[in-house]
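Subject: Structure for you to look through

Hello,

Here is the structure I said I would pass on. Please have it open while you read the notes that follow.

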Amino acid sequence: MAEPVLEIRELRKNFGALAATDGVSLDLRPGEIHALIGPNGAGKSTLIHQISGSIRSDSGTIRFLGQDMAGLDMAARARLGLGRSFQISSLAPEFSSLRNVMLAVQAKQGSSLRFFRPVMGDRSLTDPAMAMLERVGLAERAHLPAAELSHGERRQLEIAIALALGSKAFLFDEPMAGMGPEGSKSLTTFLDGLRHEAPILLVEHDMDAVFALADRISVLVYGRVIATGTVDEIRNDPEVRRAYLGETA
Amino acid sequence: MPPKPRLSRETVVNILLALMLLAFPLGASAMGETFYITLATRIVVLALAAVGLNIALGLGGLVSFGHAAFFGLGGYVAGILSTHAFNAEPLLFGIEGTTSMPVIWLVAVMICGIIALPIGAISLRTTGVYFIMITLAFAQMIYFFAVSWPAYGGEDGLSIYVRNEFPGVNTAQPLSFFLICYVLLMLALGLFWLLRGARFGAALEAGRQNATRLAAVGIAPFNIRLVAFVVSAMMTGIAGALFADLNKFVSPSMLSWHMSGELIVLIILGGKARLFGPVAGAMLYVLIEYALGGITEHWQFFLGLILLCVVLFARGGLLGLLAGKARHG
C-alpha cells in the first residue's frame, strides 16, 4: 500500500464541554476520493478546519506528505499543497473571478512582495488563471466580480483556485451545496477525473455524488469515526444505517 | 475582455482634479494672492499625508488611528534638523543638522519606517476595533513624549525661522514651494498606483476583502500588511516634513489624535482606496474649513454634517459620486 498523502491520528478538539473532534484517525491515499459523511453537527467542518489549519487542534497529529503539520498556520499548509474549498464560499468578493484565481497563481509562484509590475498585463498570471477557469467552466464569467456569481459558480471558482495552487491534496467542504442537479452532475464528473491529479477528502451531503465518487467513506458521528470502508461496506454496516443512513436510505 | 473605453471616467476625473489643483495657485500667483497659494499648498500636503494613509486604510483596510504619529515625526525631523543647522550646534554624536529638504525627507522616511515597524508588528496582531485603539495608543505615547520633552519646545512647539532649502529652488517663494509639494504628491500618487496594480497590491486588497481567502492560497496576511503599514507611515512622514515647512512651525498638535482623525476624514470624504480619493477629500476639507471657517468658528459642526451625509448616502465619497463604483479588472 502506498504511503498515505494525509495521515490523521487521534485528533481532538473540544469547544467547552462539546467534543467536536473526539479522537479521529483517518488516511487519504494517493489517487483516492475519501468521502467524509455524517449528520449535521457531527464535526465534519471542524475537522476540515483543523486539517487546513484555521482551527488549532487540542491534541493528535496531522501528517501531510510525511511532514508534521503542528505549528504551521493555514498559509504555510496551503503553500505545502493543501488546497481547500469552504463550506460557505470564501472569496475576495470585489475581485473578478479571474483576479481571484490570479491571486492563487501569484501565491504559487512565490513572493507577493513585488511592488511595481502590474498584474493585469502579466501573462504568467493571467494565462494559467484563465486556463483554470476554463477547466471548471467559468471562463465566460472571468470578468465578473465574485460577489455577482451564483452559489454554484462560487463553488466552481473555489475549486479553480485550489487547482491553480497546484495542490497535492484537496479538502472540499460540501462543494455541491447550492448547486442544481445539472451542476452537481457535471461537478461529479469533474471531481471523478480530478482524483488522478491529487487525492480528495470530500465532505458532502449529496449521497448520489458520494456513492458515485468515493473510493472509501468514513462516517463521522459526534466527533468520532464510527466506520471506514468502501461504498458497499458502508452501505451494509448496521451501525452506520442506524446512526445515519437509516433516516435517508 | 469586455470593451473598455480608452479613458475611464475615473481617469478623466483624476486628471481634472490634478489640473484644478495646479491651476488654482498659478492663477492666484498671477493675481498676487499669496494666501490662496498657501491654501493650495495645505491641500497638497494634507493630500500627500492621506495618500500615505490610504495605502494602509484604503487598500489594506487597516484603520490606523495613529498616523498623526508619523505626520508629526516627519514634522519634528524637519524642525529639529533645521534648528540644529540654524544654531550651528551638532545633534547627537557630532552629526550636523541640515536645512536641505531632500536630506530631511530621507531622514523623515527612515525614522518613520523604523518607528512604524515595531508599532505595526505589534498592532497587526489585532484587528478591527483593537487595531484602531492600539494604533491610537502608540500615537498618544509619542504625543505625550513630545509634550513633555522641553529640548524642542515641549508643548509650545518649535519654530522654523527660515524655510528649508531645495537645490536650485527659492523655497521662500510660495509658488515654488507649492510646486515642490505638488510634484511630490504626484510621485506619491504614481507610487500608490503602481503598488495597487502590482502583486503586492493584489494581496493587500484581497486581505482587506477576505483575510481567510488570502491565507488559504498560502499568503500570510500579516507580512503583507506590515509592509503596507510601514510604507504608508513613510509617505505620511514626508508630508509631515512639508507641513512643518509650510507653517514654519511644528508642535505636538501635529501628533495628536485630532490629526489622525483628520487624515481618516480626508479619505472618507474623498473615497477610500481610490487613487485620487485623498486629493478630492483634502480639497473638499480645506475648502469647507476656509469657506465655513470664515463665517463661524463652529465650522466643524458643518463638516460633521457633511461627513454624516457621505457615510449615509455616498459611501464611495466624492470620487464615488463623480466617477462611479471602483472597478477591479
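Of the 249 residues in chain A, 53% are buried. Please keep in mind that this is a predicted model, so every value here is computed from predicted positions. In chain B, 54% of the 329 residues count as buried.

Chain A as a whole

Chain A contains nine helices and ten strands. Its radius of gyration is 18 Å, which agrees with the value near 18 Å that a compact globule of 249 residues would have. Contacts in chain A between residues at least 6 apart in sequence join residues at least 24 apart in 64% of cases.

The accessible surface of chain A is about 10,900 Å², and carbon and sulfur atoms account for 51% of that surface.

Chain B as a whole

Chain B has 13 helices and two strands. The globule rule gives 20 Å for 329 residues, and the radius of gyration of chain B is 20 Å, so chain B is as compact as a globular protein of that length. Along its principal axes, the C-alpha trace of chain B spans about 60 × 50 × 40 Å. For contacts in chain B between residues at least 6 apart in sequence, 78% join residues at least 24 apart.

Chain B has an accessible surface of about 14,400 Å², with 70% of it belonging to carbon and sulfur atoms. There are 17 positive and 12 negative charges in chain B, and their mean positions lie 25 Å apart.

Where the chains meet

How many residues of chain A are in contact with chain B? The number is 36, and they contact 29 residues of chain B. About 2,900 Å² is buried between chain A and chain B, and carbon and sulfur atoms give 63% of that area. On the chain A side, the residues that lose the most area to chain B are Glu94(A), Leu103(A) and Phe115(A), which together make up 19% of what that side buries.

Helix H6 of chain A covers residues 181-194 and includes Ser184(A). Ser186(A) is found in helix H6 as well. Is Ser184(A) buried or exposed? Ser184(A) has a relative accessible area of 11%, so it is buried, the cut-off being under 20%. Leaving aside residues up to four places away in sequence, Ser184(A) touches Met176(A), Met179(A) and Asp206(A).

Ser186(A) has a relative accessibility of 48% and therefore counts as partly exposed. Ser186(A) and Arg99(A) are 87 residues apart along the chain, and their C-alpha atoms are separated by 24 Å.

A buried alanine in chain B

Ala146(B) lies in helix H5 of chain B, which covers residues 128-148. Its relative accessibility is 11%, so Ala146(B) counts as buried. What does Ala146(B) touch, not counting residues up to four places away in sequence? Its contacts are Tyr76(B), Gly154(B), Pro252(B) and Leu255(B). Ala146(B) and Arg6(B) are 140 residues apart in sequence, and from C-alpha to C-alpha they are 50 Å apart in space.

Two residues with positive phi

Most residues other than glycine have a negative phi. Leu65(A) has a positive phi of about 55°, although it is not a glycine. Leu65(A) sits in the loop of chain A between strand E4 (59-64) and strand E5 (67-68). With 47% relative accessibility, Leu65(A) counts as partly exposed.

Ala88(B), also not a glycine, has a positive phi near 55°. Where is Ala88(B) found? Ala88(B) is in the loop between helix H3 (68-87) and helix H4 (101-123) of chain B. Its relative accessible area is 61%, and because exposed means over 50%, Ala88(B) is exposed.

Regards

Technical notes:
Residues are numbered from 1 along each chain as its sequence is written. Chains are lettered from A and ligands numbered from 1 in the order in which they are written. This is a predicted model: local features need pLDDT of at least 70, side-chain atom pairs count only at pLDDT 80 or more; totals for chains, interfaces and linings use all residues. Side-chain values use heavy atoms; hydrogens and water are left out. Helices (H or I, at least four residues) and strands (E, at least two) are DSSP runs, numbered from the N terminus. The radius of gyration is taken over C-alpha atoms; the globule rule is 2.2 Å times the number of residues to the power 0.38. Buried means under 20% relative accessible area, exposed over 50%, partly exposed in between (1.4 Å probe, protein chains only). Contact means heavy atoms within 4.5 Å. Accessible areas come from the Shrake-Rupley method with a 1.4 Å probe; for residues, only the protein chains shown count as cover. Buried area is the accessible area (1.4 Å probe) that two parts lose on being put together, summed over both. Lys and Arg count as positive and Asp and Glu as negative; His and the chain ends are not counted. The place of a charge is taken as NZ of Lys, CZ of Arg, CG of Asp or CD of Glu.
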